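Hello,

Here is the structure for you to look over. My notes follow below it.

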Amino acid sequence: MADDSSETNRLLRQAARGDPGRFGALLEEYRPRLRRMVALRLDPRLHGRIDPSDVIQETYLDAVARLAEYLLKPTMPFFLWLRFLAGQKLVTLHRHHLGRQMRAAGREVSLYRGRSPEASSAALAAQLLGREARPSEAAIRAEMKIRLQEALNSMDPLDREVLALRHFEQLSLAETAQVLGLTESGACRRHLRALRRLKEILSSLPGGLGDLLP
């Protein structure tokens with residue numbers, strides 16, 4: 001398969017021969033990574049209405065139905081294919097539940113000749129701030145979160161996406177490059193530029209938040 005490990009290739013071949021148990025084990029291995037992706041990209045207004053676990057389960061059902069199609073022409077590593085299916089599922093859910101509000105719901109980015117919702121600035125800000133604050137610090141945290149969201153929204157969308165992929169979805173540099181259609185060296189340069197830009201923006205804010213990034 002496309003850049004997958006020999007073990008992953010073996011399990012996929014077994015699944016293709018009708019061994020669903022092996023395929024299920026492989027899917028479960030990727031659940032935490034897919035959950036991070038869904039949590040970042042599910043519109044905040046749908047929290048409480050849609051459970052990320054349900055999105056992942058529907059993605060898995062889609063993967064089972066389309067596995068033979070993927071194996072005929074695996075143009076991307078298996079995990080990135082699952083991630084692509086999850087992105088398609090999120091776009092469908094956003095359009096179904098939000099309808100005409102989609103424009104205000106956030107944009108979409110082109111990935112793999114398809115579309116996936118952009119990472120939510122609110123979710124990125126929450127990740128940057130880390131653990132929930134004590135009740136006495138809630139007001140300060142809320143103000144910091146607003147500043148972070150404003151900083152993230154002022155960035156180039158591709159730079160923001162690179163940060164989401166590398167720091168929050170925890171994709172490798174090679175995976176990030178494939179998702180964005182860049183070379184690895186290009187993805188590396190973009191990532192470093194995005195880090196510098198966000199640090200500059202955060203450091204310029206009142207109180208300075210530049211130390212939130214490595």
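A word on confidence before anything else: pLDDT is the predictor's confidence in each residue, on a scale from 0 to 100. For this protein the mean pLDDT is 80, and 80% of the residues reach 70 or more.

This is a predicted model, so local features need pLDDT of at least 70 and side-chain atom pairs count only at pLDDT 80 or more, while totals for chains, interfaces and linings use all residues. Numbering runs from 1 along each chain as its sequence is written, and side-chain values use heavy atoms, with hydrogens and water left out.

Overall layout. The protein has eleven helices and two strands. Both are DSSP runs numbered from the N terminus: helices are H or I with at least four residues, strands are E with at least two. The order along the sequence is α-α-α-α-α-α-β-β-α-α-α-α-α.

Confidence by element. Helix 10 has the highest mean pLDDT among the elements, 92. Strand 1 (residues 108-111) has the lowest, 45. Over residues 108-114 the pLDDT is below 50. Even there, the model shows 24 contacts (heavy atoms within 4.5 Å) beyond near neighbours in sequence.

Burial. Of the 214 residues, 46% are buried, meaning under 20% relative accessible area with a 1.4 Å probe, protein chains only. Helix 7 (residues 121-129) is mostly covered, with seven of its nine residues buried. They are S121, A122, A123, L124, A125, L128 and L129.

Cores. A nonpolar core here is a set of buried Ala, Val, Leu, Ile, Met, Phe, Trp, Tyr and Cys residues joined through side-chain atoms within 4.5 Å. The largest one has 36 residues. L12, F23, L34, L67, F78, W81 and L82 have the most contacts inside it. Helices 1, 2, 3, 4, 5, 9 and 10 each give two or more residues to this core. Helix 5 (78-98) supplies the largest share, eleven residues. A second, separate core has 19 residues, including L124 and L198.

Helix packing. How do helix 10 and helix 11 (residues 184-204) pack? Their angle is about 95°, and their axes are 8 Å apart. Axes are lines fitted to C-alpha atoms over the stretch in contact, and angles run from 0 to 180 degrees between N-to-C directions. The two helices are therefore roughly perpendicular, a label for 65 to 115 degrees. L173, A174 and A177 of helix 10 meet E184, A187 and C188 of helix 11.

Best wishes

Note on methods
Buried < 20%, exposed > 50% of the residue type's maximum accessible area, 1.4 Å probe, protein only. Parallel < 35°, antiparallel > 145°, perpendicular 65-115°, else oblique.
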